[in-house]
Amino acid sequence: MVLSKGEPPPWLATGIVLSVQSAVAVLGFLNLLASRRPSAGHICLFLAAFVAVLLLQGIHCAPRAGLFRARHGRRTLALQALLTYAPLFALGLTWAGMPGFLAGSALLILEPPLSIAAFAAAAALTGTCTLLAGQQPLGVAIGVLSCGVNGLMVYGVTRIASWSAEVRRARDEVARLAVEGERLRVARDLHDLLGYSLSAITLKGELVARLVDKDPERARTELREVLDISRQALADVRCVAHGYRQLSLTAELDSATRILSTAGITVEVHDERLPLREETGTVLATVVREGVTNILRHSAAQNCRITVSRTAGTLALDMAGDGIPVDTGERMARRSGGGLDNLARRLEGIGGTFRACAGEDGWFRLFAECPADAAGQPRDVSGSSPSPWRSGRRPADSVR
């Protein structure tokens with residue numbers, strides 16, 4: 001636990017309680033010396049009882065003794081009661097300041113209403129003892145009030161310190177969760193962004209290697225696209241570092257069409273050009289990126305279909321590709337901790353759901369649903385195409 005500047009340490013409250021108790025004991029000891037000539041036995045009894053009570057009070061107040069108190073608190077409280085009231089018969093009023101600390105310990109150890117009853121019993125017993133010692137009603141009232149005030153002081157100081165420690169622990173936990181959340185965000189964004197970009201760069205690099213001798217002009221064109229993808233990857237990494245990135249679903253659909261077509265995959269996209277908020281468009285664009293990455297890495301796909309639609313107030317993105325063996329698709333759908341889990345968390349963050357499943361026919365499907373945006377929200381549109389249908393065909397010189 002890290003303390004802020006100027007913040008008191010956890011043990012300070014216990015130190016205050018024990019210091020007050022020691023001061024009260026010193027006053028009682030001085031009264032013992034001033035009232036009569038005490039015998040060595042009385043002095044030894046006073047000192048021994050004080051050390052024992054001080055030790056028990058420390059156990060009842062110390063922050064680090066919580067587990068011990070939970071197991072043995074009632075036993076130690078009974079022992080403190082015995083050591084508080086038994087010396088009164090021998091030491092008289094010189095020991096009368098100790099019951100208040102017992103009353104505070106009762107409030108700390110016992111649960112209501114038993115703790116309140118024990119507190120009242122300690123005050124009443126203190127008044128009875130002072131009355132038997134020959135005090136007038138005013139002296140009895142002073143003894144009872146002293147017991148109550150000391151008990152409340154012990155309880156208040158200890159509880160405030162305990163609550164302060166809990167606040168510090170909660171603050172440290174919030175800070176830890178914030179750091180952990182930021183780490184997960186960076187890991188998730190790097191996976192979603194760079195996985196797609198690196199797969200595309202690898203694919204186009206292999207194509208350039210094949211075309212450099214056969215079709216230099218086409219190789220130069222593909223190489224320029226590799227440079228564009230690498231620049232975009234660099235920009236994405238910078239966005240991750242700054243904690244914010246915005247993706248366009250339409251732009252990602254266009255990019256997916258180009259990348260998959262380069263890989264020799266027939267792509268069919270149906271995009272209704274729906275109005276999307278920035279956050280919704282970014283999440284759905286991330287689904288498209290992860291889907292393209294999975295197709296390039298894990299399948300021998302020949303066809304891919306992507307559909308964006310709205311039904312009954314729900315926005316849906318359905319992406320499916322063939323060429324994935326059934327066992328491979330099932331493993332991908334069950335795998336935890338990877339890109340599919342990232343997508344599920346992203347959809348949950350905007351109130352949506354995500355599913356991944358493998359069909360017996362070798363098609364692997366990603367399906368994302370989220371609440372449809374309200375009318376009038378800005379459209380997530382970049383690039384233009386007069387038709388919502390776009391398709392890419394396998395180039396003659398494409399590579400797998």
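Me: Where is leucine 276 in this predicted model?
Reply: Leucine 276 sits in the loop between β1 (266–271) and α10 (278–298). The model is a predicted one.

Me: Why is leucine 276 called buried?
Reply: Its relative accessible area is 4%. Buried means under 20%, so leucine 276 counts as buried.

Me: How far apart are leucine 276 and leucine 249, in sequence and in space?
Reply: They are 27 residues apart in sequence, and their C-alpha atoms are 8.8 Å apart in space.

Me: What makes threonine 94 buried?
Reply: Threonine 94, in the loop between α4 (88–91) and α5 (99–109), has a relative accessibility of 12%. The cut-off is under 20%, therefore threonine 94 is buried.

Me: What makes the pair of leucine 91 and threonine 94 a polar contact?
Reply: A polar atom of the threonine 94 side chain lies 2.6 Å from the backbone oxygen of leucine 91. The limit for such a pair is within 3.5 Å, so the distance meets it.

Me: Which residues is threonine 94 in contact with, leaving aside neighbours within four places in sequence?
Reply: Gly28, Asn31, Leu32 and Phe46.

Me: Which residues of helix α12 (residues 339–349) are buried?
Reply: Gly339, Leu340, Asn342, Leu343, Arg346 and Leu347 are the buried ones.

Me: How do you know that the buried residues of α12 line one face?
Reply: Viewed down the helix axis, they fall within an arc of 155°, so they line one face of α12. Glu348 and Gly349, on the other side, are exposed.

Technical notes:
Residues numbered from 1 in each chain as written. Predicted model: local features only at pLDDT ≥ 70, side-chain atom pairs only at ≥ 80, totals over all residues. Heavy atoms only, no water. Buried < 20%, exposed > 50% of the residue type's maximum accessible area, 1.4 Å probe, protein only. Helix = DSSP H or I, 4+ residues; strand = E, 2+ residues; numbered from the N terminus. Arc of directions from axis to C-beta. Polar contact = N/O pair within 3.5 Å; in protein donor to acceptor, adjacent residues only side chain to side chain. Contact = heavy atoms within 4.5 Å.
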